[in-house]
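This report describes the fold of a single protein chain, from its overall dimensions to its individual sheets. The sequence and the model are shown below.

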Amino acid sequence: MTEIKNKTDFLKLHPKDNVAVALHVITKETQLTFEGQSYSFTEEIPQGHKIALIDLNKGDYVIKYGYPIGHLLSDVKAGQWLHTHNVKTNLSGTLAYTYEPNLQPVVYPKSQLTFKGYRRKNGKVGIRNDLYVVPTVGCINGIAEIIVENFKQSHPDLGTFDSITILKHPYGCSQLGQDHQNTRQILIDAVQHPNAGGVLVFGLGCENNTVAEFKEKLGRYDGDRVKFLVAQESQDEIEAGEALLQELLQAAKNDRREDVPLSELKVGLKCGGSDGFSGITANPLLGAFSDFLVSQGGSTVLTEVPEMFGAEQVLMSRAKDQATFEKILHLINDFKDYFLSYGEPVYENPSPGNKAGGITTLEDKSLGCTQKSGTSAVVDVLKYGDKIRESGLSLLEGPGNDLVAASALASADCQLVLFTTGRGTPFGAFVPTMKIATNQELFEKKPHWMDFNAGRLLYEPMEDVLADFIQTIVAVASGMHTRNEANNVREIAIFKNGVTL
């Protein structure tokens, strides 16, 4: 992030930029000076929105983050507001790409920091010891709730388990092809997740996501930690379910946290409800943390493929080799083809909330979004439902939708999801989902949603905020609850594309 020369009114992000961002609401008829030039404002500029720093003509590129984020629909004068009324995206259709490596990673010194995690028999490490109930089909969700509620009443002390979570979803039947495979794979990923100290896989008996086939696809598992129940095959499925949960509780009674190096930490990177400060504060903070964790031998994962459009060439230039570049190319183009197969415009983004917060075009959003990935090399590209294969930064196939994308990150074996937001959201994935506010106002308004205030970066150096952020993440990895956990908000959402029978 560039040095902030004026911390009161404007912020210019890159020397090449011809716009600045308003750090507060600038009222009509105000006169301000920035970098030696005086500006007179004839209209109100909302906080987080863009201001022209020089006179510009119709068709000129609007430059932010050092890159074009669109072009002008009309002439503008220095000090005018630039937004959706006078700026349009430069993007259209699909593009041809070439591999032009430009790797300049920021490398941090090795740290002696550790976190308190749970080592599993298969060598993985969890940051929670959760008990999951995984329905194979949506129509069993209600019975699962009865089983869990009865179990909680008879077992108010869950021992070493941090929580009991039912991974409720509406699928598992009446699905074909890739949708059926996606549902089964994401649920298998949850069963195998290192944060799970015990799992009850709960089926109905007549669904196409049968327990027998699910078990076969699951492969090797720890029979002490994973139990199966088919409701139609049991005289009293509620009593049987409670008995199996009791067995899982007994199996976990001696589980204890132990010191684990940061190289074992796997973190998902996500943003939602972005605003004009997302690419200035919270996303660069995640990027710095990603570089730090990768330097320790750990792993980070970036998803939200539609929000890479317009910034994909930045990520492609950081591919570790030609083969990885080709994977990124297919990741981008396959998702564009998915949009086009439904006759939808590829660049139908940002959302109304994004625009209200100051984001104008998809390039504007994407260049801010991809800052979460820092500067490290992209070492791998994962398909939806895949798990992390290599330490470092990976890209993951997935949509921008918050619940689906965060669930995909958890399914990739991320023990924790870092979620930046300028508008706020209360949701959480089935792993701890740490919310990072882009601005002070949100952090103060929604303390019951937010976990960290990245708005501090407007007034404090990155190294100080990053040091606090790392300590907070270590504390969360060691057991400190995130706000979604404190609010008992844990969800799973599965990507759906095809027909429903």
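## Overall architecture

The protein chain contains 13 helices and 23 strands; helices (H or I, at least four residues) and strands (E, at least two) are DSSP runs, numbered from the N terminus. Its radius of gyration is 24 Å, close to the 23 Å that the globule rule gives for 501 residues, so the chain is as compact as a globular protein of that length. The radius is taken over C-alpha atoms, and the rule is 2.2 Å times the number of residues to the power 0.38. The C-alpha trace spans about 80 × 45 × 40 Å along its principal axes.

This is a predicted model, in which local features need pLDDT of at least 70 and side-chain atom pairs count only at pLDDT 80 or more, while totals for chains, interfaces and linings use all residues. Residues are numbered from 1 along each chain as its sequence is written, and side-chain values use heavy atoms, with hydrogens and water left out.

## Burial, surface and contacts

Of the 501 residues, 57% count as buried, where buried means under 20% relative accessible area, exposed over 50% and partly exposed in between (1.4 Å probe, protein chains only). The chain exposes about 20000 Å², of which carbon and sulfur atoms supply 50%; accessible areas come from the Shrake-Rupley method with a 1.4 Å probe, and for residues only the protein chains shown count as cover.

Among contacts with a separation of 6 or more, 71% are accounted for by residues 24 or more positions apart. A contact means heavy atoms within 4.5 Å.

## The seven-stranded parallel sheet

Seven strands form an open sheet in the order β19-β20-β18-β17-β21-β22-β23, with parallel pairing; two strands pair if DSSP finds at least two bridges between them. The edges are β19 (378-382) and β23 (452-453), each of which pairs on one side only. Within this sheet, β17 (residues 266-271) and β21 (residues 416-421) are joined in the parallel sense by five bridges, and lysine 270 stands opposite phenylalanine 419 in β21.

Helix α5 (residues 282-295) lies across β17, β18 (299-302), β20 (392-396), β21, β22 (433-437) and β23, at about 165° to β17. Helix α10 (residues 402-411) lies across β17, β18, β20 and β21, at about 170° to β17. Axes are lines fitted to C-alpha atoms, for helices over the stretch in contact, and angles run from 0 to 180 degrees between N-to-C directions.

## Strand β14 and its partners

All eight residues of strand β14 (residues 196-203) are buried. Six bridges pair β14 with β12 (residues 130-135) in the parallel sense, and aspartate 130 stands opposite alanine 196. Strand β15 (residues 226-230) also runs parallel to β14, through five bridges; valine 201 has phenylalanine 228 of β15 as its bridge partner.

## The four-stranded sheet and annotated regions

A further open sheet has four strands in the order β1-β2-β5-β8, with antiparallel pairing. Its edge strands are β1 (10-11) and β8 (81-82), each pairing on one side only. Strand β5 (residues 50-52) is joined to β8 by two bridges, with lysine 50 opposite leucine 82.

An unreviewed UniProt entry places "domain: SAF" at residues 17-88. Over that range the chain is 0% helix and 40% strand, with the end C-alpha atoms 17 Å apart. UniProt also lists residues 231-258 as "coiled-coil region" (unreviewed entry); this range is 54% helix and 4% strand, with the end C-alpha atoms 37 Å apart. UniProt positions are given in the numbering used here, feature names are shortened, and annotations may be inferred rather than shown by experiment.
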